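Here's a quick briefing to read with the model open beside you.

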Number of protein chains: 2
Amino acid sequence: MNLPALRSHNAALVLDLLRTAGEDGISRLELAERTGLTPQAVSKITARLRAEGLAREAGRRASTGGKPRTVLRLVPSAAYAVGVHLDRDELTVVLVDLAGVRVARRRTSLDLGAGVDVVLDAIGTEVEALRSATAVATETATATAAVKRAATATETESGIEAGDEAPAPAPAPALLGAGVAMPGPLDHLTGTPGRVTGHPHWEGVPLRDELVRRLGLPVELDKDTNATALGLALHAPVPDSFAYLHLGTGLGCGLVLDGALHRGARTGAGEFGHQTVQLDGPLCGCGGRGCLEALCLAAVARGDIPEAARILGTGAANLVRLLDIDRVVLGGRVVLAAPEEFARGTREVLAGLGLAAGVAVTPYAVAEGAAQLILAPTFGK
Amino acid sequence: MNLPALRSHNAALVLDLLRTAGEDGISRLELAERTGLTPQAVSKITARLRAEGLAREAGRRASTGGKPRTVLRLVPSAAYAVGVHLDRDELTVVLVDLAGVRVARRRTSLDLGAGVDVVLDAIGTEVEALRSATAVATETATATAAVKRAATATETESGIEAGDEAPAPAPAPALLGAGVAMPGPLDHLTGTPGRVTGHPHWEGVPLRDELVRRLGLPVELDKDTNATALGLALHAPVPDSFAYLHLGTGLGCGLVLDGALHRGARTGAGEFGHQTVQLDGPLCGCGGRGCLEALCLAAVARGDIPEAARILGTGAANLVRLLDIDRVVLGGRVVLAAPEEFARGTREVLAGLGLAAGVAVTPYAVAEGAAQLILAPTFGK
DNA sequence: CCACTTAAGCAACGCTGTTGCCAAAGTGCA
DNA sequence: TGCACTTTGGCAACAGCGTTGCTTAAGTGG
């Protein structure tokens, strides 16, 4: 790591604390305590962020016997990102600000089984519609360059020159890129889908590169469960470890360990549904026997939600013990159809084994998580 | 992160590459390529490391048309660490050099069920015997301070002053500390055992602090499986992800994800043996049903090794799919009694599910891994 | 009203990795 | 044997990072 990288690292640290503080804001001294930097260093860093339009002063705290602390806040409108959720039968596109708040959404029904070009066209059309409707500048502006610098120091290819000392208090906001979430398997490093269940024609399509070309934006691709887990991780008040279990068409999982999304080297982590919980159980499509997904969905199919919840809870318990995680978050259409029953059933299994992990149900939207694929690096995630 | 921390970080990066290169050594230019630093920066860093006695020049490579590259090597004898393996019926104490190579060992039979003081006394006696037998300086020397600086920048408490420009080419080697591995559960942050199966009197004993007092050395405590996994991780040619599965008195696991040991917030990660693989199976002592450990050990008890291997392989497959890890490493008394059968059985299960993870058996000693608890921070691990 | 406390900026500084230049130490062709 | 060329690695000057010492700003409380 060199000096520019150090600068980016610390800027990301500060930006992340500003983001987490949200509407409440945070003072320079508290930033200093939390980052371990000196107050003077924080002053310099926040001065840069303010000059770049990413942060601003917003009121003061009550005095504790001396000069009151000045509160700093993130400027959510300084930058935006697009989130795309490419589901089996539906396409959702959202625009999200720097704070992760959705500011616009479009939704179309779309068959993932349609031709690759049809889907790519649809994404292009929807994103363009979102852009023009919300008038977020397409061209790279001051804040974009600032955020990019904050995110990665090795970005040497950018020929962008940030203007000195923005005279206007608010530089034009800009679009940082588009994050795309879809059912796995896929490789997030190359941005290429693998053999998507039921849609083999997607295998090997250079989806990310193609979208970069069509949208003229940086694009990141990841599994729907990973995107959702990432979004949830950024909403946690403090970095922790949790698993997002998604029960929909299949049973998948996104893992966040110590605040960081764990993808594995081949984006293969999170194959939660095909763990064996019944040795020599019924044969599963994956080639295994007694897979959690098969047993759980079979219970759902025959209307036995308590049993489905118990099976899901058993899988969750395996995971909690193996990884020592703090909480389990449930989501997906099937869970959301009976959230109380699934939460209760899962909780009961964990409690019965003496495990302290919390259980919650979230209706968190995948598309917002997809946008976080773009925003997360800004905050060092 | 500040400048001293940056310096430590880069020094650790370079030291790790020197360590990995081993006897072959590595040139300055290759270090520059691998770290992303400029050659000049690497020259400065390695000059410091050489002055501190941690690295030295050792020959040159063949020329490729110009000045031949000078080879740099780690000086293994620059520092040492003690590794303590506190097992249920035996105490093993080793001395390990900076390269992780064992240079001395002592072994005594010792009942973990004996009084806490008896065990502490035994550790003290054995470590002292090891020290005097190998004449490794007890007092902190130049290299110690250097290694400590390389390891952690926040170490402000040290009142040690490193001498300027050591005139002698080889500063006195020093003992960095002692790593202790024992059966879990325990908390590695506080260095306190939890409710060790069969030995409840260890619960809450401030083991690490007590040993710091008795040995006069920094001490780290961790689970035996974690220590072993850490040791194996440091032997990998490239940082990767793997699980160390230990089948002995019980069935435990150490997880290394992207080259880093995953302990979980409460050192609870690795509860591999108590995952349910047989819904509504036989009751286990942990309160669950159909636990992997119970089923696997039952098969071992009735002499059915192939079945034990198949069950172990099933658990391994769950883990490989969940975490997308590269390889599975087997160890422990039971496995080592029939290494080929366990390896083959595990491999067959993985292959049958189309998983590419490699399977190997290791006789790697826990005590060496324990010593790595002390050495690892020097290399940024 | 004034002493005191707390927050935050200015200027000088030490130390980081970087850049530009040059010496060292080989190869290979004439 | 000599000389041009290639490659390595150190020296010196430098830009930029966070830190230190001090000053100014802006409150509280007797």
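This is a predicted model: local features need pLDDT of at least 70, side-chain atom pairs count only at pLDDT 80 or more; totals for chains, interfaces and linings use all residues.

**Helix α1 of chain A**

Residues are numbered from 1 along each chain as its sequence is written, while chains are lettered from A and ligands numbered from 1 in the order in which they are written. Helices (H or I, at least four residues) and strands (E, at least two) are DSSP runs, numbered from the N terminus.

- At the start of α1(A), a side-chain oxygen of Asn2(A) comes within 3.1 Å of the backbone nitrogen of Ala5(A).

**Strand β14 and its partners in chain A**

- Strand β14 (residues 327-331) of chain A is mostly covered, with four of its five residues buried. Buried means under 20% relative accessible area, exposed over 50%, and partly exposed in between (1.4 Å probe, protein chains only).
- Strand β11 (residues 242-247) of chain A runs parallel to β14(A), and the two pair over five bridges; two strands pair if DSSP finds at least two bridges between them. Phe242(A) has Arg327(A) in β14(A) as its bridge partner.
- β14(A) also pairs in the parallel sense with strand β15 (residues 358-361) of chain A, over four bridges. Here Leu330(A) has Val361(A) in β15(A) as its bridge partner.

- Ser241(A) sits in the loop between α7 (224-235) and β11 of chain A. With a relative accessible area of 1%, Ser241(A) is buried.
- A polar atom of the Ser241(A) side chain lies 2.8 Å from the backbone nitrogen of Asp258(A).
- Leaving aside neighbours within four places in sequence, Ser241(A) is in contact with Val256(A), Leu257(A), Asp258(A), Ile325(A), Asp326(A) and Arg327(A). Contact means heavy atoms within 4.5 Å.

**Where chains A and B meet**

- The contact takes 45 residues from chain B and 45 residues from chain A.
- Between them, chain B and chain A bury about 3,700 Å², 51% of it on carbon and sulfur atoms. In chain B, Met1(B), Leu279(B) and Leu322(B) lose the most area to chain A, together 21% of what that side buries. Buried area is the accessible area (1.4 Å probe) that two parts lose on being put together, summed over both.
- Between chain B and chain A, 26 residue pairs are in polar contact (both at pLDDT 80 or more). The elements giving two or more residues to the side of chain B that touches chain A are α1 (3-21), β12 (251-257) and α9 (305-323) of chain B. Of that side, α9(B) gives the most, with eight residues.
- The rule finds six salt bridges across this interface. A salt bridge is a side-chain nitrogen of Lys or Arg within 4 Å of a carboxyl oxygen of Asp or Glu. Arg310(B) and Asp280(A) meet in a salt bridge (3.1 Å, N to O).

**Other salt bridges**

- Over all chains, the count comes to 46 salt bridges.
- Arg310(B) also forms a salt bridge with Glu307(B), with the closest N and O atoms 3.1 Å apart. Both lie in helix α9 of chain B, three residues apart, about one turn of the helix.
- Glu126(A) and Arg106(A) meet in a salt bridge (3.0 Å, N to O). The pair links distant parts of the chain, with Glu126(A) in helix α4 (residues 116-134) and Arg106(A) in strand β6 (residues 102-109) of chain A, 20 residues apart. Glu126(A) counts as buried at 10% relative accessibility, whereas Arg106(A) counts as partly exposed at 34%.

Notes
Side-chain values use heavy atoms; hydrogens and water are left out. A polar contact is a pair of N or O atoms within 3.5 Å; within protein, one must be able to donate a hydrogen and the other to accept it, and residues adjacent in sequence count only if both atoms are side-chain atoms.
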